[in-house]
Amino acid sequence: MTSKRNPKETAKAIVISSLTKKFEDITAVDELDLKIDRGELFGLLGPNGAGKTTTINLLCGLLEPTSGSASVGGYDIQKEAHKVKELIGVCPQATAVFPYLTGRQNVELFANLHTMPREKLRKNTDDLLERLDLTADANRRVKSYSGGMRRRINLIMALVHDPEIAFLDEPTVAMDPQSRLAVWDFIKELKKANKTVILTTHYMEEAEELCDRVGIIDHGKLIALGSPKQLKRQFSAKNLEEVFIQLTGRRIREEL
Amino acid sequence: MNSQRVFALVKKDLRKMISEPATLFMIILFPVVLTLAFGVSFGAIGGNQPTTYQIGVVNLDSAGSDRWSQHFIGNLTNMEILNLHSYPDNETAQSDLIQGAIQAVMLIPEDFSESCDSFWMAPTNPNLWINTTVQLSLDSASIFATQVIPPIIQQILGATVFGEKPASIPRPIQIGSPSLVEASKTTMFDGMAPGIFPFAAIFLIMIVAQSFSEDRQNGLLRRINTTPTTPTEFMTSQVISNMIVAIVQLALVFAMAHLVGYRPKGDEASLALAFLIVSVFSLCNVGFGLITATLAKSPESATGISFIFIMPQMFLGTFVGFALSPSAQAAGRFMPSYYVTDALTSLFLRGAPISSPMIVLDLAVVSVCSVVALLAGILLFGKYGKA
């Protein structure tokens, strides 16, 4: 059976309606409603445990929602999960790489899992390794990589197949400033290439630097939505950190 | 199913097996060293030197001078591998057997010649035969005596009394062991080798359990699950990569055994069937590995839990099992590895044809066990083991 896109939703990359996920008595995502445009770089902000990763996992088909619905690229995340997975690239928060493979082999594996043609696979792999400064180390086993190098390979593995929609879950956490700037530049290039990027972070300066719009999430609920400028203006705040404090009475990183 | 995904995953698994020293040791070096050590220790090395088995014979045949039993004993005496000792009564022979002076006692019954005569008087009418049994007592501590002696005696009995008639025809005299051996020079290692092949493959359980537990712990299973890879494609890749490993193991063990002088019976077809049986058996071990990974919370605990499946199969189902008590040997029949060893023993030691009913039955049992274990492993891991 072939899946068909819902024509009403094709303008939106992601549509989330009353999405809820409960783990026993804990509500990780609570009645979330959200629409993300195609080509938008959207930041999902919030402290640890706010429900950001759970939301991403729901959208990627790794978790079943307790209630509500969502579509990614016009495909229902429950009924058409396989189609969704063909569209997306996911960079998980915790580095997930095969340590016994080289950097290049890790990247090529995920390119093959997305059935990329051989020529494009080689070109994209070389290009991404070059852009994230890993060409010289590409043929070393990942277990000998530094933490920052692993995180960069982790990111390349998510994007090698040139996905329409990229989920980047805390892609720069625990990175040195230089690597972080390189990744920021890389994410900006994705935006220029008209890719839809959903970025979760608890670095407010990262969201301000990169995102077209941000959604601030706390205790599973969306508590603010808008561009960084709009939110700062709305709350008369100097930065998004102040916006978060005004909304919750807490600093975003105090729970780290 | 997409072959590009499947082969990418197979390649990944094979790279792991080659690049991880612990895995490489378990699947490649361990079987090689084991085969070499056993080959050197148990006499395969040095050009297939024969081992002589001491057999006590108690001849109670009551017929006259031209007794069938005399021909039978004469033919047994001609076998270089057997050294026959005549005993006046069973008690004396049993005493020597208990003391380890001989490895077997063969009791030829009073009506032996009478039974043979009855057969030749009416070869096509079993109703007129006088049925009898040649009793055998074996030294249970000798793995090789228990494996090698019964088929040799069965073979010689058949050749003496019934000529070259097919083994499957009804006969009035029974020993109880299948008549599949062409008696020849046999070393102790010949008796062990068929059991070494499944012995090596059993450790795939640990490799699979560790691999799945590690990938789960490192978030790699979840990550693969964000790609279009289907569970069927993923499991197919596991099956293929582990079958390849099992085939490589078998080839290496076989090559090492050959190097130390092991010359099994059977032709190319026997060898091909042996590879098929061990490949099918590897699926069983993938299944047990998945069940282990479902139960285990970490790769470390997976190693420990895997021995729940490894130990019984190893001790009851491979060459080790033949040295155990009768009850333990009976328990071995519940182990898939028992049927692999049995089939390979029939092929390589007894020289049985690949269409032999016993081998077909062994393959059927191994296949059913493998399908059941694999399905159970996939279902359990899919339901409880992924998180």
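Predicted model: local features only at pLDDT ≥ 70, side-chain atom pairs only at ≥ 80, totals over all residues.
Chain B has a secondary structure of 15 helices and six strands. The chain is divided into two domains: domain 1 takes in 3-44 + 188-385, and domain 2 covers 53-174. Taken over C-alpha atoms, the centres of domain 1 and domain 2 of chain B are separated by 38 Å. Of the 387 residues of chain B, 49% count as buried. Among the contacts in chain B between residues at least 6 apart in sequence, 80% join residues at least 24 apart.

One helix pair of chain B can be followed in detail. Two packed helices are described by the angle between their axes and the distance between the axes. For helix α7 (residues 188-202) and helix α14 (residues 336-348) of chain B, the axes come within 7 Å and cross at roughly 145 degrees. The crossing of α7(B) with α14(B) is right-handed. On the α7(B) side, the residues that meet α14(B) are Ala193(B), Pro194(B), Gly195(B), Phe197(B), Pro198(B) and Ile202(B). Their counterparts in α14(B) are Ser337(B), Val340(B), Thr341(B), Leu344(B), Thr345(B) and Phe348(B). By class, this contact holds eight nonpolar and four polar residues, with no charged ones.

Chain B also meets chain A, with 20 residues of chain B in contact with 20 residues of chain A. On the side of chain B that touches chain A, α1 (3-19) and α9 (220-224) of chain B each supply at least two residues. The most comes from α1(B), which gives seven residues to that side. The residues on this side of chain B divide into four nonpolar, nine polar and seven charged.

The nonpolar cores come next. The largest has 79 residues, of which Leu59(A), Val72(A), Ile156(A), Phe167(A), Val197(A) and Leu199(A) touch the most other members. Helix α5 (residues 147-159) of chain A gives the most to this core, with seven residues. Leaving out residues up to four places away in sequence, Phe167(A) touches Ile56(A), Leu59(A), Cys60(A), Ile88(A), Val90(A), Cys91(A) and Ile198(A). A second, separate core has 71 residues, including Met256(B), Ala274(B), Val278(B) and Ala343(B).

Two residues of chain A deserve attention for their backbone angles. Thr115(A) is not a glycine, yet its phi is positive, at about 50 degrees. Thr115(A) lies in the loop between α3 (103-113) and α4 (118-131) of chain A. This residue counts as partly exposed because 17 other C-beta atoms lie within 10 Å. Ser236(A), also a residue other than glycine, has a positive phi near 50 degrees. Ser236(A) is placed in the loop between α8 (228-234) and α9 (240-248) of chain A. With 9 other C-beta atoms within 10 Å, Ser236(A) is therefore exposed.

Asp33(A) lies in strand β2 (residues 26-37) of chain A. Asp33(A) has 13 C-beta neighbours inside 10 Å, so the residue counts as partly exposed. Apart from neighbours within four places in sequence, Asp33(A) is in contact with Ile16(A), Ser17(A) and Ser18(A). Asp33(A) and Ser18(A) are 15 residues apart in sequence, while their C-alpha atoms are 5.3 Å apart in space.

Note on methods:
Residues numbered from 1 in each chain as written. Chains lettered and ligands numbered in written order. Axes fitted to C-alpha atoms, helices over the stretch in contact; angles between N-to-C directions. Helix = DSSP H or I, 4+ residues; strand = E, 2+ residues; numbered from the N terminus. Left-handed = near helix turned anticlockwise from the far one by under 90°. Contact = placed C-beta atoms within 7 Å. Nonpolar A, V, L, I, M, F, W, Y, C, P; charged D, E, K, R; others polar. Core = buried A, V, L, I, M, F, W, Y, C linked by C-beta atoms within 7 Å. Buried ≥ 20, exposed ≤ 12 C-beta atoms within 10 Å, placed from the backbone. Domains from an automatic or database assignment.
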